[in-house]
Amino acid sequence: MRAAKIKTLLETSEVNQNCAVHGWVKTFRANRFIALNDGSSLKNLQCVVDFEKLDDVLLKRITTGAALHLEGVLVESQGGGQKVELQVETIHILGDSDPDKYPIQPKKHSLEFLREKAHLRVRTTTFAAVMRVRSALSFAVHRFFQQQGFYYVNTPIITGSDAEGAGEMFRVSTLDLNNPPRTKEGALDFKKDFFGKETNLTVSGQLEAESYALGLGEVYTFGPTFRAENSNTTRHLAEFWMIEPEMAFYDLNDNMDLAEKFITSVLKEVLENCKEDLEFLDERLAKEDQSKPQAERSPMGLIEKIKFVIENDFKRVSYTEAYEILRNSKPNKKKKFQFPIHEWGVDLQSEHERFLVEKHFNCPVILFDYPADIKAFYMRRNGDEKTVRAMDILFPGIGEIVGGSQREERLDVLEKRIQEMDIDAEELWWYLDLRRFGSVPHSGFGLGFERLVQFTTGMNNIRDVIPFPRTPQNAAF
Ligand code: ATP
Ligand code: MN
């Protein structure tokens, strides 16, 4: 018999039907009750076996972690915990498990411990819930953009440009590290490398997405990006997924409107479609919070926080206004910031971003019009000659979730900036071409997908929202 999904059986009203299920044993109690999970639902299906009819050898093989195929009759449950249960008639052991060695025991494991068992951690309730929400979020991302008429473009993962300007890169090379070819001058000879030039893993698909926006109108990328920055934080990965919409004929305000609508739309969709998982994660977070000192506890529950973001407008504040707020703030005056705010033009650190979002405004904040000197070369210059049309979205507990800008569409201004910043203009010939042939105002942003998953699931560490995290000194699995 073909196995039904446990989720479907748990929701059905058709009892007394013959059915089959398969999945992994979570627990086996009293030689009688198997809690079986197939990943389709947070809840397990209770499967009741008649141990008197089973031989002892088979019974012993039903252990936590074993994979089973069960057939029987779905009946109304006698016990209180569930509506239906399976009265088991036949048992096939698909895969045995050694109960003494299986690391995922039916008890609470620390997230740190589970990171070392990343190949098995999705069998825990928490990780299965996080990964189902992650999947729903990525579908919601595509649905949102497709419904808005955006085209999905796949920008290259191996890039020949080192001017993407968003951090340290990982080299891609097939040269023999032990005996690399050298030029007459003794430098590495990349002409002999696979692509005949230096290549790296991309840190952003933006520049290529711009080229596509200036032809298809509105496009988005959703792919992996790589940064070799040595930042061991709870918000940085060396390999992460980024969503980068890029839109022709959009100014910065259109860009901010889109970003806000995008985030609230996907959150709304997931709130509707992942109710059970989010309720579980909400409770998990509440329990975790209880073990923290009062001052560190979150003022809102997980679902409450998501609803708050959906229902309230993001606060839009210019860098200059934010700078004034920070300069005059209590922690700045009392010298509580590690990086004190003195002069206009400083880059904001996460302690400043957190102050603005979590203490001052108490809601998501969009900061815009940043000093040119702390932002990338491609951002559009304002008339004041000091600031650029950049915008960052800051979220409670996460910090920066989106970074974007209106792009500089004026060839002369862009060329001047490239020169000032000592960037190799030759490499950017094709990017400059976009300003030579039918240039138009255009804008875009990048949203770090894992940071969105972190916010939605309430997981504190970014390593716990991606299946196999890559971080400095760690590429296990
Ligand atoms: P941060 O200041 O947090 O390091 P950034 O300014 O370097 O981020 P951008 O280049 O603006 O980041 O990238 C766009 C988005 O990608 C960020 O807003 C963030 O959501 C996400 N992001 C950036 N770096 C990482 C990373 N190392 N791991 C996960 N997400 C990241
Ligand atoms: Mn940024």
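Helices are DSSP runs of H or I with at least four residues, strands are DSSP runs of E with at least two, and both are numbered from the N terminus. By that rule, helix α12 covers residues 411-420. Glu 420 and Arg 417 are three residues apart in α12, so about one helical turn separates them.

This is a predicted model, in which local features need pLDDT of at least 70, side-chain atom pairs count only at pLDDT 80 or more, and totals for chains, interfaces and linings use all residues. Residues are numbered from 1 along each chain as its sequence is written, chains are lettered from A and ligands numbered from 1 in the order in which they are written, and side-chain values use heavy atoms, with hydrogens and water left out.

**Salt bridges**

- The structure holds 31 salt bridges. The term means a side-chain nitrogen of Lys or Arg within 4 Å of a carboxyl oxygen of Asp or Glu.
- Glu 420 and Arg 417 form one of them, at 2.6 Å from N to O. Glu 420 is partly exposed at 46% relative accessible area. Arg 417 counts as buried at 12%. Here buried means under 20% relative accessible area, exposed means over 50%, and partly exposed lies in between, with a 1.4 Å probe and protein chains only.
- Arg 115 bridges to Asp 464, with the closest N and O atoms 2.8 Å apart. Arg 115 sits in helix α3 (residues 111-115) and Asp 464 in the segment after α14 (449-457), so the pair ties together parts 349 residues apart in sequence. Arg 115 is partly exposed at 21% relative accessibility. Asp 464 is buried at 0%.
- Arg 132 bridges to Asp 277, with 3.0 Å between the closest N and O atoms. Arg 132 belongs to helix α4 and Asp 277 to helix α7 (residues 275-290), so this pair ties together parts 145 residues apart in sequence. Both Arg 132 and Asp 277 are buried.
- A network of salt bridges links Glu 210, Glu 246, Arg 407 and Arg 435.

**The open sheet**

- Eight strands make an open sheet with mixed pairing. Their order is β6-β10-β11-β16-β15-β14-β13-β12. Strands pair if DSSP finds at least two bridges between them.
- The edge strands are β6 (151-152) and β12 (315-318), and each pairs on one side only.
- β6 and β10 pair in the parallel sense over two bridges. Tyr 151 stands opposite Val 219 in β10.
- β10 and strand β11 (residues 239-248) run antiparallel and are joined by nine bridges. Thr 221 stands opposite Glu 244 in β11.
- β10 is mostly covered, with eight of its nine residues buried.
- Strand β14 (residues 387-395) pairs with strand β15 (residues 399-407) in the antiparallel sense, over six bridges. Asp 392 stands opposite Gly 403 in β15.

**Aromatic rings**

- The structure holds 20 aromatic pairs. Rings of Phe, Tyr and Trp (its six-membered ring) pair if their centres lie within 6.5 Å; planes under 30 degrees apart count as stacked, over 60 as edge-to-face and the rest as tilted.
- Phe 145 and Tyr 220 form a stacked pair, 4.7 Å centre to centre with 20° between the planes. The pair links distant parts of the chain: Phe 145 is in helix α4 (residues 125-147) and Tyr 220 in strand β10 (residues 218-226), 75 residues apart. Phe 145 is buried at 0% relative accessible area. Tyr 220 is buried too, at 0%.
- Tyr 319 and Trp 344 have ring centres 5.6 Å apart and planes at 90°, so the pair is edge-to-face. Tyr 319 is in helix α9 (residues 319-327), and Trp 344 is in the loop between α10 (330-333) and α11 (350-361), 25 residues apart. Tyr 319 is buried at 0% relative accessibility, whereas Trp 344 is partly exposed at 28%.
- One aromatic cluster is formed by Phe 144, Phe 145, Phe 150, Tyr 152, Tyr 220, Phe 262 and Phe 445.

**Charges over rings**

- Lys 386 lies over the face of Trp 344, at 4.5 Å from the ring centre. The cut-offs are NZ of Lys or CZ of Arg within 6 Å of the ring centre and within 35 degrees of the ring normal.
- Lys 375 lies over the face of Tyr 370, at 4.2 Å from the ring centre.
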